[in-house]
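Trainee: Hi! Could you walk me through this structure? I'd like to take it piece by piece.

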Amino acid sequence: MMSGVVRSKVVPWVLTAALLVGAWAIVKVTLPVGSAQEPFVTAATLDETASARNLVVTVTDVHAARAVTDDAGWSADGAWLVIDLDAAAQVTQQGASLRTATLVVGNRTFSATERGTTFLDQALVTGVPRSGSLAFQLPDDAWTEHGTLRLGLANPVLDGVIEMRIDLADLPFEREVSLQENGWAR
Amino acid sequence: MGEEKASGAAAARANASARAKVLGWARRTVDLVPTGWLITGAGAVLLATTAAFGGLATVPVAPAPELAAGEVYTGSDLEVTVLGVELRDDQGNSAIYPDPDSGEKVLVVTVDVTNRFEKPRSASGGEFDEGSVGAIRVGGLEDDPLLSYAEDGGTATTLQPDVPVRLLLAWRVGTDDFHDGDAVTLTLPASTHRVGDSLLRGTDLWEDPHVGATMTTTVEQVSAP
């Protein structure tokens, strides 16, 4: 008699609860859509060499400037974040150029400027670092937050990328900064 | 044994009659619902609502608003201010070098642009990015303009979020196509943003480009601050 009650009343409720908890757990542990394409991130700090799959980067200096100039005589006013860096390929020169250079500030994403002569799109050499500068033109209201710099090769899908946190609010504004000439790192 | 069978049969009969009773009751209840009246009523309400909103008449398309020179236009996630249209004999900071022997000229539209989307945007636009600055048209010219920075003449490719820039949109025109003092009409683009799915998953798309505003101005030298 007792076993009949257990079979007809208790078991269905226990099963229902177990299934609901299981469904909830699956929803919780499922990664968001697109996670399968996320790159592998290596965190970097200033003057520390960081390496991803086929990319080795040392960020040597970070400036904030009211104007930038390059060695070809180009100059532009604005609020600029200038990143000086050394970079090399690690495995192969094939397809190794620094094409991904973004800065995420809050919910906004900026890309490294294509103006002037910068290190953007520069071909990298395996094992021999080259140096140069990247520049980001930012709106004035972005300088109160922190930004995340992301550097990678052409397509960051499932590739290694290097990320560095930059506290924009802490950077003193210089009047003018010259972009490093692209060349071999010293 | 036989008695048990008989009582079993009696129970089955009782069950069957109980089921028939319930079914009959349900049928009678359902029959009480005036289905025909409901359908007719719902149809009438639908038709009346349609008629109230204009029936099958074509919805009049609101004409694109007419802007004054220097007025800020917001469309396609961009803020655009047209500063003027000028005709040049020389290249200046525009992206087009007019051949002096053939008498070509350059028609230049000067605009201030701010990208109000949260990611960088192509200035000239593209297959999946329609209605960007490169979709501005003037004086019936069909071609895409070439874009450069007014400041230094460098090629303008990317609009960074919330960073205002002054761009020159340049078209190569013939000697007699435009003259100083001509009245020309500009069209400013509008489009709709959508995030792509399947193959374009996560890609920002601007689709359905159309004219968001028009502006009439004269061809004359731009003296922007």
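**Starting from one residue**

Mentor: Happy to. Leaving aside residues up to four places away in sequence, A:Glu145 touches A:Val105, A:Gly106, A:Leu168 and A:Ala169. Two residues are in contact if their C-beta atoms, placed from the backbone, lie within 7 Å.

Trainee: Before we go on, what kind of model is this, and how are residues and chains labelled?

Mentor: This is a predicted model, where local features need pLDDT of at least 70, side-chain atom pairs count only at pLDDT 80 or more, and totals for chains, interfaces and linings use all residues. Residues are numbered from 1 along each chain as its sequence is written, while chains are lettered from A and ligands numbered from 1 in the order in which they are written.

Trainee: Thanks! Where does A:Glu145 lie?

Mentor: A:Glu145 is in the loop between β7 and β8 (146–152) of chain A. Helices (H or I, at least four residues) and strands (E, at least two) are DSSP runs, numbered from the N terminus.

Trainee: And how many other C-beta atoms are within 10 Å of A:Glu145?

Mentor: There are 13, so A:Glu145 is partly exposed. A residue is buried if 20 or more other C-beta atoms lie within 10 Å of its own, exposed if 12 or fewer, and partly exposed in between, with C-beta atoms placed from the backbone.

Trainee: What separates the C-alpha atoms of A:Glu145 and A:Ile26?

Mentor: A distance of 36 Å, and the two residues are 119 residues apart along the chain.

Trainee: Back to β7 in chain A. How many of its residues are buried?

Mentor: Strand β7(A), residues 130–137, is mostly covered, with 7 of its 8 residues buried.

Trainee: Which strands does β7(A) pair with?

Mentor: Strand β4 (residues 75–88) of chain A runs antiparallel to β7(A), joined by 8 bridges. In that pair, A:Leu85 stands opposite A:Gly132. Strand β12 (residues 183–184) of chain A is also antiparallel to β7(A), with 2 bridges, and there A:Arg130 faces A:Trp184. Two strands pair if DSSP finds at least two bridges between them.

Trainee: Zooming out, how many helices and strands are in chain A?

Mentor: Chain A has 1 helix and 12 strands.

Trainee: What about its domains?

Mentor: Chain A is split into domain 1 (1–30) and domain 2 (35–184), with bounds that come from an automatic or database domain assignment. The C-alpha centres of domain 1 of chain A and domain 2 of chain A are 54 Å apart.

Trainee: What box do the C-alpha atoms of chain A fill?

Mentor: Roughly 95 × 40 × 25 Å along the principal axes. Of the 186 residues of chain A, 33% count as buried.

Trainee: Now chain B! What does it contain?

Mentor: Chain B has 2 helices and 11 strands. Its radius of gyration is 34 Å, well over the 17 Å that the globule rule gives for 225 residues, so chain B is more spread out than a compact globule. That radius is taken over C-alpha atoms, and the rule is 2.2 Å times the number of residues to the power 0.38.

Trainee: Which domains does chain B have?

Mentor: Domain 1 (2–52) and domain 2 (66–218). Their C-alpha centres lie 68 Å apart.

Trainee: Is helix α2 of chain B covered or hardly covered?

Mentor: Hardly covered: among the 18 residues of α2(B), the count of buried residues is 0. Just after α2(B), B:Gly54 has a positive phi of about 105°.

Trainee: And which strands does β11(B) pair with?

Mentor: Strand β1 (residues 66–67) of chain B runs parallel to β11(B) (residues 204–218), with 2 bridges, and B:Glu66 stands opposite B:Thr214. Strand β10 (residues 183–195) of chain B runs antiparallel to β11(B), with 12 bridges, and B:Leu188 stands opposite B:Ala213.

Trainee: Last one: how many residues does each chain give to the contact?

Mentor: Chain B gives 14 residues and chain A gives 13 residues. On the chain B side there are 3 nonpolar, 5 polar and 6 charged residues. Here Ala, Val, Leu, Ile, Met, Phe, Trp, Tyr, Cys and Pro count as nonpolar, Asp, Glu, Lys and Arg as charged, and the others, Gly among them, as polar.
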